[in-house]
Amino acid sequence: MFFIFSCVKDSDFKNPETPCNDQLIANRTFIEVKNLFDGEVIQIQQDLVIEGYIVSSDQAGNFFSTLHIQDNPINPTAGFQIEIDLRDSYLFYELGSKVYIKLKGLYLGKSKGVYKLGGVFTSFGNLSVGRLPALAVEDHLLLSCDPISNLVPKIISISEFREDFVSTLVRIESLEVIADEQNLTFALPQEETIRNLSDCNGGLIELLNSGYSDFQNTILPSGNGSVTAVLYREKNDYQLIIRNLNDMEMKNELCTDTEIFLTSDQIFISEIADPDNNSEARFIELYNAGNQQIQLDGWFLLRYTNANITSGSEIDLSGILIDSNSTLVFSPNATEFQAVYGYPPDFELGNNSPADSNGDDNLVLIDPFGTVIDIFGVIGEDGSGTNHEFEDGKAERNLNIVSGNPVFTFSEWNIYNDTGGSETIKLPQNAPEDFSPGIR
């Protein structure tokens with residue numbers, strides 16, 4: 001004998017009645033629970049209860065088997081992602097519903113910057129937070145008898161994103177789809193797809209869309225306006241996830257026709273290479289230590305050869321995007337670079353470029369406003385025999401450096417060479433084994 005159970009709206013198209021609870025009392029805050037995480041997935045053994053508000057919805061299919069819950073309907077301070085094996089959860093947990101979360105027995109973890117609660121699974125011997133079985137959801141996630149709350153998204157700018165706001169509802173003004181993605185659909189069929197939005201100051205943010213959503217095949221909006229979304233995080237990149245198309249109000253005039261220049265002292269030279277065994281495997285690497293992608297329009301890399309006080313080579317970096325906490329590698333010879341290191345550089349600059357230094361030159365990074373953001377060496381001084389010579393070696397930035405320096409400071413570098421100053425390391429370097437292009 002077979003029994004088939006289904007949970008659907010009734011003939012009046014009302015959500016199914018779900019019992020509410022007015023007996024539970026929260027005894028911990030979201031932040032207190034997050035502080036229980038010490039780097040490893042744990043199972044909560046105490047009778048802990050937190051209360052929060054549903055801010056995500058799977059009604060349009062852009063969320064799957066997850067709920068995002070924040071601690072207050074207005075001005076939240078923290079949020080959690082709850083992993084559940086329950087489809088059409090919007091029928092039971094409406095937007096703005098107040099819920100109690102009974103934590104005893106749940107697993108707490110943090111993955112790629114997102115705090116998660118749920119069940120557990122094992123991958124390669126390691127515990128990870130997974131979906132809570134459907135039959136266990138109602139034991140841990142209980143509706144309050146309070147009426148549905150009016151959620152007020154926190155209005156912030158891209159530069160104000162921080163980890164505290166992940167899994168909360170935010171609103172960003174003056175956004176538009178970047179020019180290269182105008183006229184594309186929200187997502188490729190059956191594929192999670194990232195589209196990119198920019199603000200009128202040049203800031204960039206990813207829009208994460210499901211290839212199974214109801215609006216997957218809809219063309220992205222062509223105007224400028226506001227986006228209300230759940231803030232998400234994938235490692236160091238923040239992302240927005242909308243609940244439905246009404247979350248995007250983008251009917252204003254575009255601002256992309258305005259030329260926008262950005263600066264940041266968190267972009268700097270992180271490695272310069274002149275391998276002893278192969279001069280064609282030279283490169284220069286930049287690193288962005290910030291949490292925001294930067295468009296390098298108007299930026300320049302300059303090379304001052306020997307003791308010259310005027311640059312002999314300048315490279316315009318306009319049109320290049322450097323991701324947050326990421327590198328860019330420039331090579332004079334992309335074919336040889338790939339043959340040596342096993343993967344291509346980000347850009348080929350050609351011979352005698354800033355990427356093709358023979359170890360006694362000085363390199364400078366300049367922002368769109370003519371400000372020196374970072375420098376290697378001393379302009380007007382031939383590097384040979386000095387503490388900024390890296391001939392047949394490399395100059396590698398110390399890992400504790402997180403911003404550029406317009407004055408060359410030897411203590412910020414590890415410098416290898418064959419004949420450099422006494423403070424340097426006289427140990428020629430060979431490619432590929434002594435170099436790590438693209439890895440900070």
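**View 1. Handedness of the disulfide between Cys 20 and Cys 145.** The torsion about the S-S bond of Cys 20 and Cys 145 is about 90°, so this disulfide is right-handed. The two residues belong to distant parts of the chain, 125 residues apart: Cys 20 is in strand E1 (residues 20-21), and Cys 145 is in the loop between strand E10 (141-144) and strand E11 (154-155). Strands (E, at least two residues) are DSSP runs numbered from the N terminus. The model is predicted: local features need pLDDT of at least 70 and side-chain atom pairs count only at pLDDT 80 or more, while totals for chains, interfaces and linings use all residues. Residues are numbered from 1 along each chain as its sequence is written, and side-chain values use heavy atoms, with hydrogens and water left out.

**View 2. Sulfur atoms and surroundings of Cys 20 and Cys 145.** The sulfur atoms of this pair lie 2.1 Å apart; a disulfide is a pair of cysteine sulfur atoms within 2.5 Å. Cys 20 is partly exposed at 44% relative accessible area, and Cys 145 is partly exposed at 35%. Buried means under 20% relative accessible area, exposed over 50%, and partly exposed in between (1.4 Å probe, protein chains only).

**View 3. The disulfide between Cys 200 and Cys 255.** The sulfur atoms of Cys 200 and Cys 255 are 2.1 Å apart, and with -110° about the S-S bond the link is left-handed. Cys 200 lies in the loop between strands E13 (193-199) and E14 (204-209) and Cys 255 in the loop between strands E17 (248-252) and E18 (267-273), so the pair ties together parts 55 residues apart in sequence. Cys 200 is partly exposed at 31% relative accessibility, whereas Cys 255 is buried at 12%.

Methods: Helices (H or I, at least four residues) and strands (E, at least two) are DSSP runs, numbered from the N terminus.
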